[in-house]
Amino acid sequence: MTTSNASVAYGAAFMAGFFMFAPMTALITLPQELPNMTPARITVVFGMFWSISYMVETVLMYLAGWIADSSGNIAIAASFAVLCSSTFFLASFFLPETGNKSHDSNVKLSTTKA
């Protein structure tokens with residue numbers, strides 16, 4: 001898909017970037033809400049997360065370059081890169097809900113008693 005309209009291209013790039021990084025807050029706070037989590041464990045979790053993420057990204061971008069070289073069409077490689085990036089947004093819908101469920105129910109009970 002191509003466009004000669006710069007405004008459409010900028011708008012599409014903005015929307016792609018926005019929706020790609022919209023789930024970051026949930027992803028960053030999720031490990032902090034797990035039981036028995038300490039600052040030392042969070043450091044290890046995020047260190048592993050970022051190092052594995054960048055290794056996967058490096059392999060995928062290499063594959064995108066290979067696709068562009070072998071097909072001769074950079075649009076196919078760009079579509080592959082966007083598809084790979086969109087999996088992050090789609091996977092964010094499968095993140096577990098965290099929080100203290102007993103605390104939430106106590107809050108509801110205390111507000112209904114008043």
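The legends below describe close-up views of a predicted model.

**View 1. The buried residues of helix H4.** Ala 77, Ala 81 and Cys 84 are the buried residues of H4, and what covers them includes helix H3, residues 39-71.

**View 2. Asn 36 in the loop between helices H2 and H3.** The loop that holds Asn 36 runs between helix H2, residues 24-29, and H3. The phi of Asn 36 is near 60°, a positive value in a residue other than glycine, whereas most residues other than glycine have a negative phi. The side of the model shown here includes Asn 36 as an exposed residue, its relative accessible area being 63%.

**View 3. The largest pocket and its lining.** The largest pocket has a volume of about 520 Å³, and the elements that give two or more residues to its lining are helix H1 (6-21), H2, H3 and H4. Of the 16 residues that line the largest pocket, those nearest its centre are Ser 53, Glu 57, Cys 84, Ser 85 and Phe 88; Cys 84 is also one of the buried residues of H4. H3 gives the most to this lining, with eight residues, and by class the lining of the largest pocket consists of twelve nonpolar, three polar and one charged residues.

Technical notes: Residues numbered from 1 in each chain as written. Predicted model: local features only at pLDDT ≥ 70, side-chain atom pairs only at ≥ 80, totals over all residues. Heavy atoms only, no water. Buried < 20%, exposed > 50% of the residue type's maximum accessible area, 1.4 Å probe, protein only. Helix = DSSP H or I, 4+ residues; strand = E, 2+ residues; numbered from the N terminus. Contact = heavy atoms within 4.5 Å. 1 Å grid on protein atoms, 1.4 Å probe; cavity = no way out; pocket = protein on both sides within 12 Å on 5 of 7 lines; lining within 4 Å. Points joined across faces, edges and corners; volume = space filled by probe spheres on them. Nonpolar A, V, L, I, M, F, W, Y, C, P; charged D, E, K, R; others polar.
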